[in-house]
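Okay, thanks for making time, everyone. I'd like to walk through one model today, sheets to begin with and then a few residues.

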Amino acid sequence: DPFVFDENQIIRLTLGHLTITESLSIDGPGSNLLTIDGGGNSRVIRVSEGNAKVSIAGLTLSGGFTNAAGASGGGIQFLSSGALTLRESVVSANQTGGDNSRGGGIYSSAGTVILDDSIVRNNSTSGSNATGGGVHASGGLIAVDSTIAMNMTSGAGAQGGGVFAQRQSGNAVQLTRSSVTNNSTMGTDTEGGGIATDMGAIRLS
């Protein structure tokens, strides 16, 4: 059964990130009504290894922060080979810092990230070879009726201010009625202020 929030509130995390270890649906009342805030002390959500499928709807995830070499997923760290779906949700103002940091807003190590009528904005990664200020999706990204805006990577060799994605076959990024705007990379030898991929195609429709 879905885990349902039915109150209007901000949930402030004080003991570290929320951990998900199995397939789960989280249903909120609306992204303007319920926020889960990392408070700049930890990432917001971590999905542990496995093949879990996780769906998040009607929430805002913000204030997540990680700071270490190889840090990933300031907002969401998704370590499953399943799919991560965000529906009518917002991922904003999350950060990762440190060399080789990945996915300021969302990081997926293998699974597909699906954005449905969602917004990823004002997230960032910083450090040498940082990737995916908004989203780093190693299993590809599918975005429908969604916006990826004002995200940033910074550091030597940084890539994909908005999105960094890879997929061994097929499309690394599929955008349908979606926008990738005002994202940026800063530093020497940077690539892809909006989108960067080193494996797989980009499809726009």
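So, in which strand is Leu34 found? Leu34 sits in β5, which covers residues 34-37; strands here are DSSP runs of E, at least two residues long, and helices are runs of H or I of at least four, numbered from the N terminus.

Quick housekeeping. This is a predicted model, where local features need pLDDT of at least 70 and side-chain atom pairs count only at pLDDT 80 or more, while totals for chains, interfaces and linings use all residues. Residues are numbered from 1 along each chain as its sequence is written, and side-chain values use heavy atoms, with hydrogens and water left out.

Back to Leu34. Is it buried or exposed? Leu34 counts as buried because its relative accessibility is 0%; buried is under 20% relative accessible area, exposed is over 50%, and partly exposed is in between, with a 1.4 Å probe and protein chains only. Along the sequence, Leu34 and Val47 are 13 residues apart, and their C-alpha atoms lie 20 Å apart in space.

Now zoom out to the sheet that holds β5. It's an open one of 7 strands with parallel pairing, in the order β2-β5-β8-β12-β16-β20-β23. For a pair of strands to count, DSSP has to find at least two bridges between them. At the edges you have β2 (9-12) and β23 (179-181), each pairing on one side only. On average, neighbouring strands in this sheet are turned by 10° against each other, direction ignored; the axes are lines fitted to C-alpha atoms, for helices over the stretch in contact, and angles run from 0 to 180 degrees between N-to-C directions. β2 and β5 run parallel and are joined by 4 bridges. If you want one to click on, Ile11 has Ile36 in β5 as its bridge partner.

There's also an open sheet of 5 strands, again with parallel pairing, ordered β9-β13-β17-β21-β24. Its edge strands are β9 (65-67) and β24 (184-186), which each pair on one side only. β9 runs parallel to β13 (residues 95-97), with 3 bridges joining them, and Phe65 stands opposite Gln95 in β13.

On to the core. The largest nonpolar core has 32 residues, and Ile56, Ile76, Ile106, Leu115 and Leu141 touch the most other members. A core here is a set of buried Ala, Val, Leu, Ile, Met, Phe, Trp, Tyr and Cys residues joined through side-chain atoms within 4.5 Å. Strand β22 (residues 163-176) gives the largest share, 5 residues. Leaving aside neighbours within four places in sequence, Ile106 is in contact (heavy atoms within 4.5 Å) with residues including Ile76, Leu84, Leu115 and His136.

Last, two serines. Ser108 is in β14 (residues 106-108) and is buried, at 0% relative accessible area. Which backbone oxygen does the side chain of Ser108 reach? That of Gly111, at 2.6 Å.

Ser72 is in the loop between β9 and β10 (76-80). Ser72 counts as buried too, since its relative accessibility is 4%. Its side chain makes a polar contact of 3.0 Å with that of Gln77. That term means a pair of N or O atoms within 3.5 Å; within protein, one must be able to donate a hydrogen and the other to accept it, and residues adjacent in sequence count only if both atoms are side-chain atoms.
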